[in-house]
Amino acid sequence: MRSWDREVVIALLLGFLITIIGSLTGLFLPLWLIATTVILMWQFYETNRFNKWLAGGAKGKYPPKAKGIWEELYHQVYLLKKREKRQKKKLGKIIDQFRKSTDALPDAAIVLGKHDEIEWVNTAAKQIFGLKQTDRGQRLPNLIRFPAFVNYLNEGNFNESIVINSPMIPQVTLFIHIIKYGGGLRLLLAQDISQLRKMEQIRKDFVANVSHELRTPLTVLKGYLETVQDTEQTLSPVSVYSLKLMQEQTARMQHLVDDLLLLSKLETQPKKSQCVDIPNLLAVIGQEGDRLQKTGRIQMTIDSRYGVMGDELELHSAFANLLTNALKYSADDSPVLIQWRQTGQHLVLSVTDRGEGIPDLEIPRITERFYRINVKRSHVVPGTGLGLAIVKHVLLRHDATLHIESNLGKGSTFSCLFPLARKCINDNNTSH
Ligand code: ADP
């Protein structure tokens, strides 16, 4: 029988007994009064004891001894407490494991609250950012005051990442990324990319040095080839053919070295900025192109007299590469259109040809270094595979983007989109 049922049975029996004795002795009411008072006092005593036990945190290895329904109540609360204790222990273990694993991470991790206040940091974050346990609750931008970092936090565009130096060890370069998650919280991850940067620098230096060192022997070789060709001695047909081949390959190699040097310059040299007169620059490039092809294939449409802020030599080489490609990859008699215009948000230079076009799948790849479509044909059409990589780098340095549209067999349009913020009017060219 359950305690509550037993309690009811006892109460009923007691009531029955009092009624019988009360009826026999004529003391019905006093007996009832005494019995109820005793029961009430007992209940009051037990309630008080139970309350004190609960208030004390229901501690103890076993619940206190009690009778009837109270024994049941003590037992139930005791079980609840035991379950809670077990769950707490389990949770504590999970948190402990999480803490240990995040502390073992080489990357710094910081949990930020709604107002950029620090909620939690791992060990790497303490070392990399010089944070202390007492910094909890402080706003991170008050502790890491690099303007670029503070702007990054304020702007809230966390699809982007940012690279800064460690405030503790300036030689350490950090790649910072923020991930938003529930309740307005954000996780900041900082990865030490110093080693990667160093290797990248070694690669750049190596390419620049090799290209530079190759320049002199190539010039000497070219000179000797020309001398041999210019000799008055009659050469055998095999020698003439070999000399021609050697000259072609030397020229190709020289072109490659020049492109590599230009690329490494684009990667390392500080940017220059002046108002570049684009209509004028295009006129020069157009003349060069016409001279190159000895035909009047180039058509020019200049719809804007604006220039852009940037580096003239770099823009010259980017636009010339686009024009050379358009001429190279289309028939010798098909037109190539160069257009300079302003749209709602950009100043646009586009080069359109009616050539062979580019397959959709290849478009994202053609700006990679050394990437050339159709290896077989590449031997026929000379090139280094570096032209569009140069274009991409130059545009990047001018906050511009390259947009490629192409239809196989119909032709391609390469557009350079400059932000209007770069628009300028050249001193010699004020009409528009
Ligand atoms: P390359 O020296 O080979 O011209 P680029 O980097 O300039 O190197 O171009 C990469 C590849 O993209 C080229 O090999 C060519 O296949 C393709 N390509 C570039 N421009 C055009 C174009 N206007 N029409 C068709 N294909 C093109």
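Author: Let us begin with polar contacts, where a pair of N or O atoms counts if it lies within 3.5 Å (within protein, one must be able to donate a hydrogen and the other to accept it, and residues adjacent in sequence count only if both atoms are side-chain atoms). Here an oxygen atom of the ligand lies 2.8 Å from a polar backbone atom of Thr384, a ligand oxygen is 2.9 Å from a polar backbone atom of Gly385, and one is 3.4 Å from a polar backbone atom of Ile373. The protein covers 98% of the 530 Å² of accessible area that the ligand has on its own, areas being taken from the Shrake-Rupley method with a 1.4 Å probe.

Reader: What should I keep in mind about the origin of these values?

Author: This is a predicted model, in which local features need pLDDT of at least 70 and side-chain atom pairs count only at pLDDT 80 or more, while totals for chains, interfaces and linings use all residues. Residues are numbered from 1 along each chain as its sequence is written, and side-chain values use heavy atoms, with hydrogens and water left out.

Reader: How many residues surround the ligand, and which are the closest?

Author: A residue is counted as near if one of its heavy atoms lies within 4 Å of the molecule. By that rule 20 residues surround the ligand, the closest being Asn325, Tyr329, Arg372, Thr384 and Leu388. The shell divides into nine nonpolar, seven polar and four charged residues, where Ala, Val, Leu, Ile, Met, Phe, Trp, Tyr, Cys and Pro count as nonpolar, Asp, Glu, Lys and Arg as charged, and the others, Gly among them, as polar.

Reader: Which elements each supply at least two residues of that shell?

Author: Helices (H or I, at least four residues) and strands (E, at least two) are DSSP runs, numbered from the N terminus. In this model α10 (312-328), α12 (387-397) and β12 (411-419) each supply at least two residues of the shell, and α10 gives the most, with three.

Reader: In what order do the strands of the sheet that includes β12 stand?

Author: Two strands are taken to pair if DSSP finds at least two bridges between them. On that basis five strands form an open sheet of mixed pairing, in the order β7-β9-β10-β12-β11, with β7 (298-302) and β11 (401-407) as edge strands that each pair on one side only. Within this sheet, β9 (residues 336-342) and β10 (residues 346-353) pair in the antiparallel sense over seven bridges, and Gln339 stands opposite Ser350 in β10.

Reader: Which strands does α10 lie across, and at what angle does it run to β10?

Author: Contact means heavy atoms within 4.5 Å, and angles run from 0 to 180 degrees between N-to-C directions of axes fitted to C-alpha atoms, for helices over the stretch in contact. Helix α10 lies across β7, β9, β10 and β12, running at about 30° to β10.

Reader: Why is one side of β2 and of β3 left without a neighbour in their sheet?

Author: The other five-strand sheet is open and antiparallel, in the order β2-β1-β5-β4-β3. Strands β2 (118-121) and β3 (162-165) stand at its edges, each with a single partner strand, so one side of each has no neighbour in the sheet. The twist from one strand to the next averages 25°. Inside this sheet, β1 (residues 108-112) and β5 (residues 185-192) pair in the antiparallel sense over five bridges, and the bridge partner of Ala108 in β5 is Ala190.
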